Structure formats: structure tokens, C-alpha cells
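Please look at the sequence and the model together, and keep both in view while reading.

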Amino acid sequence: MDEGYILSIDLGTSGPKVALFSCEGQFIAYEFERNTVNLLPHGGAEQDPQDWWRAIKTATQRLLARGLAPVVKIEALCCTSQWSGTVAVDRAGKPLMNAIIWMDARGAPYIQKLTGGLVEVQGYGVLKLLTWLRLTGGVPGHAGKDPIAHILYIRHAHPEIYRQTYKFLEPKDYINLCLTGKFAASYDSITLHWLTDTRDLSRVDYSERLLRLSGMEREKFPDLRPAVEILGPLQPSAAQELGLHENVQVVMGTPDLQSAALGSGAARDYQAHLYIGTSSWIGCHVPRKKTDVFHNLAALPSAIPDRYLLCDEQQTSGACLGFLGDNIFVLKDELLRATGMADIYQAFDCIAERVPAGSGDLIFTPWLYGERTPVDDHTVRGGFYNLSLETRGEHLVRAVFEGVAYNTRWLFGYVEKFIGRRIEALNAIGGGAKSNVWCQILADVLGCEIHQTRMPILANARGAAYLAGVALGRMRFDDIDSRIEIARRYQPDPEKRKVYDRLYREFLNIYRRNRAIYARLNE
């Protein structure tokens with residue numbers, strides 16, 4: 001029998017990657033198409049869902065036009081996407097407004113009011129807190145960036161849109177609606193609405209108690225299915241627009257944190273991975289539900305039917321380098337010519353390698369859009385500390401790499417406490433993991449091995465393809481770790497570790513001593 005193929009869609013914040021894999025998970029090719037983000041006053045962040053669909057169509061058509069596989073041999077399609085977003089659609093599936101994405105904090109005052117009580121712990125009413133933790137394993141974040149906060153914002157700021165909304169969908173589930181015409185969410189994608197009972201992963205469903213507690217209407221949310229289930233075939237209109245056959249099966253799919261865990265190769269319990277993209281996180285699968293409410297860590301439903309995934313998120317990682325290139329190194333063309341590199345990120349790598357560890361005691365804090373873990377603080381902001389007349393541009397560059405690594409170390413310690421064991425190695429994925437200098441800095445700052453996966457930027461797409469392969473019966477979840485290639489292993493340097501230990505302590509002091517100032521400036 002001829003080999004079959006899978007298309008995976010990875011809808012990131014910057015745009016979708018559409019990738020072609022064999023049904024056994026072998027990568028063939030991908031295409032990328034850019035989307036834009038609209039940043040609005042008071043912490044708003046939106047994208048146009050119809051622009052997502054336009055970009056997916058464009059990337060898919062471009063990939064298929066390369067003729068790398070017979071279209072008739074494409075058996076399945078699986079989507080992964082940015083998580084913690086909200087698309088309000090009418091009965092026809094048409095978006096009623098822009099999607100509110102994971103960066104949006106406009107729901108903060110509404111969620112803070114909802115979660116409060118007479119007797120509070122960390123700003124949560126004790127009885128409400130215990131109910132959420134017992135049923136869901138987590139609790140709505142006070143930063144206002146969960147879908148439940150988005151929906152509260154819509155209900156208060158756009159009541160007419162709220163009334164017209166038939167279903168509130170996550171980005172992945174909106175794309176599945178475009179593909180199949182079906183309104184559905186997966187057990188994992190719905191989690192951050194904090195409305196589902198996740199104690200039994202075989203039958204996750206909405207909780208009447210949580211719906212009442214949150215003041216939400218069940219009819220405005222989609223029915224639920226496992227991530228590995230086949231949702232159905234492509235609807236004819238989608239097949240025609242994408243250039244595919246109608247018999248292509250659409251797998252439910254999973255959000256980006258869950259697909260990244262699969263695509264990193266760290267699919268067994270306690271195997272950990274580090275994602276560095278626009279945002280970043282450290283994750284691993286665990287066998288049971290658990291929560292650290294004080295540091296915004298929770299074990300939530302994963303794409304693997306009987307496993308939870310440790311979930312957390314730090315707001316800006318790779319985005320800090322983008323900010324540096326866009327706003328500080330404005331003469332990009334001259335910088336590229338001086339370094340002989342093809343793009344700004346390669347140029348930053350070249351520059352950072354020339355600077356000794358510690359960047360001349362310059363410290364960068366990467367909180368350009370607030371923070372979620374290990375502190376849930378939407379008012380904290382980034383900056384360079386200890387600037388002097390001796391500071392040069394190359395110090396700024398390396399300090400950004402190191403500042404993200406310090407922030408990762410801050411989270412790393414709480415992750416180890418959460419799982420109750422030492423993490424000896426992290427599989428590194430995401431666009432930031434392409435950087436050799438960043439991987440070495442992370443190894444030195446964290447004091448553990450960093451395993452740079454081959455083609456780390458495709459981890460999410462790869463994870464979605466693996467999920468589809470399992471859904472088709474061509475793979476098993478236990479096969480995943482053997483499918484991943486490690487391009488390079490980075491060992492910690494004890495001498496550099498000493499430098500970073502000292503600067504890391506001051507990094508923490510910067511937050512502790514300045515958080516009240518940030519709160520006054522940014523509330």
C-alpha cells in the first residue's frame with residue numbers, strides 16, 4: 001500500500017504553519033503565512049479570525065502546489081493553535097468581532113470581582129477557590145487572560161455581541177468549525193474556561209456548579225470530545241478552498257502547549273520540554289491532577305487521553321528579541337551587513353556570542369506584557385538595569401538572552417517542586433531553540449542539559465501530526481520519543497554558572513523591590 005499523508009496546521013500568534021507529514025510522522029515540508037496582531041488600549045490584543053482562515057488557505061495552497069505528495073493520498077488534517085483565545089460566532093459560524101487572544105488583559109477587573117470573596121487567599125474567595133481546584137485542577141488567573149475573562153469582558157463592554165453569540169470557541173475549535181462545519185471543543189482546549197470537571201479524563205464535561213459560579217450559560221459553549229477523536233470529514237466548501245478532497249478526516253486536535261509536548265518528544269511522564277517562541281513555558285506529562293495556585297502552575301488535561309500536562313506560561317521570550325530589533329536596533333540592514341547574517345535573529349546570535357557571560361552585569365527583565373508564571377502580575381514591565389556609559393549595544397543583546405533565561409530559571413525551580421524530582425534535561429523547541437548561544441545560556445543559567453531538537457520551530461506542527469497518526473491507528477503515543485532527533489546537547493559550564501547565580505539573585509530582587517511601582521504605574 002502506498003504511504004498516506006497528514007496535513008497539520010499550527011496557528012501561532014504570528015501566523016499559521018501548514019506542514020506535510022507521512023502518516024508515521026516523518027516531516028516532508030511546510031509553508032508559513034503571516035497574520036497581524038492588533039494591540040489596543042488597556043491591555044487589548046485581538047486578531048481577525050477570517051484573516052487566520054485566509055492565511056491557512058494561502059499556506060495550504062502554496063504547500064500543495066509544490067507537488068510533494070499526491071493530494072488523493074492525504075488522509076487526515078489536524079490543527080493545533082495558540083491557546084486561551086476567544087472567538088464569538090453566530091449560528092452560521094460567522095465571527096461577530098475580532099478574536100480576543102491570549103495576550104488580552106481587559107477582562108482582569110471582571111475576573112477579579114468574580115473570584116473574590118469575604119475570606120480570601122491570594123485574592124480568591126476560599127470556597128470558590130476550593131471548588132475550582134477540586135473540579136478543574138486550576139483557577140482563573142487574575143491577569144484576565146483566560147477565555148472566561150474574555151467572555152466577561154464581552155458581556156460587559158459589548159453586550160449586544162454577547163447576546164448574539166451562539167458559541168464561544170477557542171482558536172483551534174474555530175478553525176475546526178471552518179474545516180467541518182461542526183461546533184466542538186476538545187477536553188484540553190476548553191480547560192482554560194474553568195467550567196469543566198476534569199477529575200475523570202475519560203468523561204470530561206461542563207460542571208453545573210461551575211457554570212452557576214461563573215454566571216455562564218451552557219448553551220453558549222460547544223460540546224466536548226477527546227483530542228485524538230476524528231471530528232469528521234472536510235466540508236465541501238473547505239475542501240474546495242484548500243484544494244483537498246472531501247474524504248480527508250479532521251482530527252479534533254489540541255492547543256499549542258499540548259501539541260508542543262508531543263512534538264518535543266517528551267511524551268512520557270516527567271520528561272520535560274522547554275518552549276521558546278513568542279512566549280515560553282516548561283511542561284511535562286504527569287499521571288495525576290495537581291495545582292500550585294500560588295505560582296500559577298496546574299496539571300490540566302493533555303492530548304494523551306489518560307494523562308495530565310503540567311501547564312504554565314511566561315508571557316514574552318522570543319518577543320523580547322523582536323522588540324529589540326524593532327525598537328532599539330533600528331538600522332537593521334546595516335547590522336545585517338556588519339555581521340554577514342541573513343536575518344536579525346542570526347545577527348543577534350553572532351553579537352551575543354562575542355560578549356562574556358553576564359553582559360557586564362547588565363540585567364534585562366523580560367516582562368514586556370506582564371507575567372503569568374511564576375507570578376500572575378499583569379502590571380509588571382520589562383527594562384534594562386545597571387546601564388552605564390560603558391554599556392554597548394552588544395551588551396543589550398546578550399542581556400536579553402540572559403534575562404529570558406533568568407525568568408525561565410525562576411519558573412524552573414517551581415516546576416521541579418511541583419513534580420517532586422530533579423529535571424536533568426530539557427528538550428528545547430520553538431523558534432528560540434534554533435539559537436545555539438541561547439541554548440548554551442539556558443544550560444548555564446538552569447544548570448541542566450539542554451537538548452536542542454532538530455527543526456525545533458516545527459514542534460507544534462509535528463505534535464499535531466503525531467496526534468493524527470495515533471487517531472488513524474498508524475502510531476502509538478509510546479512511539480513518540482523514538483521519533484525525535486536531537487541535533488545537539490548543551491552541558492552547563494560551572495564557571496559561567498557562578499556568574500549567573502549572582503545575577504539571578506539580583507534579577508529576583510528587581511521584581512521584589514519594584515513590583516509596587518509597576519502596579520502604581522500600570523493599573
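A search of the whole structure finds one cavity of 30 Å³ or more, where a cavity is a set of points, on a 1 Å grid over the protein atoms alone, at which a 1.4 Å probe fits but cannot get out. The largest cavity holds about 40 Å³ of space, a volume being the space filled by probe spheres set on the points, which are joined across faces, edges and corners. Its lining, meaning residues with an atom within 4 Å of a point, consists of Leu20, Leu63, Leu64, Gly67, Leu68, Ala69 and Ile74. Sorted by class, this lining has six nonpolar residues, one polar residue and no charged ones; Ala, Val, Leu, Ile, Met, Phe, Trp, Tyr, Cys and Pro count as nonpolar, Asp, Glu, Lys and Arg as charged, and the others, Gly among them, as polar.

The model is predicted, so that local features need pLDDT of at least 70 and side-chain atom pairs count only at pLDDT 80 or more, while totals for chains, interfaces and linings use all residues. Residues are numbered from 1 along each chain as its sequence is written, and side-chain values use heavy atoms, with hydrogens and water left out.

Taken as a whole, the protein has 17 helices and 27 strands, which are DSSP runs numbered from the N terminus (helices are H or I with at least four residues, strands are E with at least two). Along the principal axes, the C-alpha atoms fill a box of roughly 65 × 60 × 45 Å. With 523 residues, a compact globule would have a radius of gyration near 24 Å, and the 22 Å of the protein agrees with this; the radius is taken over C-alpha atoms, and the globule rule is 2.2 Å times the number of residues to the power 0.38. Of the 523 residues, 60% count as buried, which means under 20% relative accessible area with a 1.4 Å probe and protein chains only, whereas exposed means over 50% and partly exposed lies in between. Among contacts (heavy atoms within 4.5 Å) between residues at least 6 apart in sequence, 70% join residues at least 24 apart.

Which residues does serine 81 touch, not counting those up to four places away in sequence? Serine 81, found in strand 6 (residues 74-81), touches Leu11, Pro171, Lys172, Thr254, Pro255 and Asp256, and it is buried, with a relative accessible area of 1%. Serine 84, in the loop between strand 6 and strand 7 (87-89), is also buried, at 2%, and has a positive phi of about 65 degrees although it is not a glycine.

Tyrosine 270 likewise has a positive phi, of about 70 degrees, without being a glycine. This tyrosine lies in the loop between helix 9 (256-263) and strand 18 (272-276), and at 22% relative accessibility it counts as partly exposed. Another backbone feature is the cis peptide bond that joins threonine 373 and proline 374, with omega about 0 degrees; proline 374 lies in the loop between strand 23 (363-365) and strand 24 (383-385).

Finally, consider helix 4 (residues 147-157), which is mostly covered, with eight of its eleven residues buried. These buried residues are Pro147, Ile148, Ala149, His150, Ile151, Leu152, Tyr153 and Ile154. What covers them includes strand 8 (99-100), helix 2 (108-115), helix 5 (159-164), strand 11 (167-169) and helix 7 (208-214).

Technical notes: On a 1 Å grid over the protein atoms alone, a cavity is a set of points where a 1.4 Å probe fits but cannot get out, and a pocket is an open set with protein on both sides within 12 Å along at least five of seven lines; lining residues have an atom within 4 Å of a point.
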